[in-house]
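Below are my notes on the model, as numbered points. Please read them with the coordinates open.

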Amino acid sequence: MSGPPLRYIGDISREDAALLARAAAGARRILEFGAGASTQVLARSAPAGAEIVTVETKPAWVERTRENFRRLGISREVRFVPYRGFWRAVEGSFDLILDDGVDRLRARFAERAWPMLAVGGSMFFHDTRRPRDARVALRQVERVFLEVASVELNPEGTNLTVVRKQEPQRYVDWNVAEGRGRWEYGHADPPDDLWGK
């Protein structure tokens with residue numbers, strides 16, 4: 001993102017903020033777990049008319065985030081939803097999902113939120129330079145690997161892992177699908193007359 005750095009109050013790096021801002025700029029619906037600095041960045045960066053839903057476990061964080069919106073002059077409407085049962089309170093699909101809430105619930109949030117991610121959308125996992133958070137992201141990738149188009153681990157100096165969703169792929173044994181003989185994929189000797197000997 002060019003120009004002056006984004007103004008926000010909270011615990012994300014400038015690199016994290018810039019990457020989230022670029023992603024939010026093209027998103028029509030955003031779901032995040034964990035109110036705070038990222039909420040401010042998403043609210044500043046999403047296009048007019050985009051919907052932002054923030055899932056939070058602690059009402060105090062919602063109030064702190066609202067107060068920081070006032071301090072920074074952010075007038076964007078954000079819908080705050082309690083964590084408990086959020087998957088029943090939130091409908092439709094999202095272009096961008098950020099997993100940055102309370103540590104012990106991040107894996108569960110990812111499992112519940114993944115079905116809400118639109119094909120072509122991205123799920124961001126924060127703090128993935130920490131081993132436990134990297135494991136949360138990579139375990140989620142392992143769970144849904146046939147729906148994963150790409151994984152970027154901490155791109156551009158960030159602490160974010162970005163997982164892009166694709167239509168579910170089915171496993172295909174290309175050796176069978178292509179009608180290859182066992183020798184063609186190295187599990188038998190080739191025929192003696194293969195090369196015209």
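Helices (H or I, at least four residues) and strands (E, at least two) are taken as DSSP runs and numbered from the N terminus. This is a predicted model, in which local features need pLDDT of at least 70 and side-chain atom pairs count only at pLDDT 80 or more, while totals for chains, interfaces and linings use all residues. Residues are numbered from 1 along each chain as its sequence is written, and side-chain values use heavy atoms, with hydrogens and water left out.

1. Strand E5 and Ala118. Strand E5 covers residues 117-126, and Ala118 is placed in it. Ala118 has 16% relative accessibility and therefore counts as buried (buried is under 20% relative accessible area, exposed over 50%, partly exposed in between, with a 1.4 Å probe and protein chains only). Contact here means heavy atoms within 4.5 Å. Leaving aside neighbours within four places in sequence, Ala118 is in contact with Ser93, Phe94, Asp95 and Lys165. Gly10 is 108 residues from Ala118 along the chain, and the two C-alpha atoms are separated by 28 Å.

2. Strand E4 and Phe94. One of the contacts of Ala118 is Phe94, which lies in strand E4, residues 94-99. Phe94 is buried, its relative accessible area being 0%. Not counting residues up to four places away in sequence, Phe94 touches Arg29, Ile30, Leu31, Val53, Met116, Leu117 and Ala118. Of these, Leu117 is 23 residues from Phe94 in sequence, with a C-alpha to C-alpha distance of 5.0 Å.

3. Helices H1 and H2. H1 spans residues 14-25 and H2 residues 37-45; they pack at an angle of about 40°, and their axes are 8 Å apart. Axes are lines fitted to C-alpha atoms, for helices over the stretch in contact, and angles run from 0 to 180 degrees between N-to-C directions. The angle makes H1 oblique to H2 (under 35 degrees counts as roughly parallel, over 145 as roughly antiparallel, 65 to 115 as roughly perpendicular and the rest as oblique). H1 and H2 cross in a right-handed sense; a crossing is right-handed if the near helix is turned clockwise from the far one by less than a right angle, and left-handed if anticlockwise.

4. Residues between H1 and H2. H1 contributes Ala17, Leu20, Ala21, Ala24 and Ala25 to the contact, and H2 contributes Ser38, Val41, Leu42 and Ser45. By class these residues are seven nonpolar, two polar and no charged. Ala, Val, Leu, Ile, Met, Phe, Trp, Tyr, Cys and Pro count as nonpolar, Asp, Glu, Lys and Arg as charged, and the others, Gly among them, as polar.

5. Helices H5 and H6. H5 (residues 106-113) and H6 (residues 131-143) pack at about 30°, with axes 9 Å apart. H5 and H6 are therefore roughly parallel to each other, and their crossing is right-handed. On the H5 side Arg106, Ala107, Ala110 and Glu111 meet Asp133, Val136, Gln140 and Arg143 of H6. The contact of H5 with H6 has three nonpolar, one polar and four charged residues.

6. Aromatic residues. There are six aromatic pairs in the structure. Rings of Phe, Tyr and Trp (its six-membered ring) pair if their centres lie within 6.5 Å; planes under 30 degrees apart count as stacked, over 60 as edge-to-face and the rest as tilted. Tyr83 and Phe86 have ring centres 5.5 Å apart and planes at 45°, so this pair is tilted. Tyr83 and Trp87 have ring centres 6.4 Å apart and planes at 80°, so that pair is edge-to-face. Tyr83, at 11% relative accessibility, is buried, as is Phe86 at 0%, whereas Trp87 is partly exposed at 24%. One aromatic cluster is formed by Phe33, Tyr83, Phe86, Trp87 and Phe109.

7. Backbone angles to check. Most residues other than glycine have a negative phi. Asp127, in the loop between E5 and H6, has a positive phi near 70°. Asp127 is buried, with a relative accessible area of 17%. Asn154 has a positive phi near 55° and sits in the loop between strand E6 (148-153) and strand E7 (160-165). The relative accessible area of Asn154 is 18%, so Asn154 is buried.
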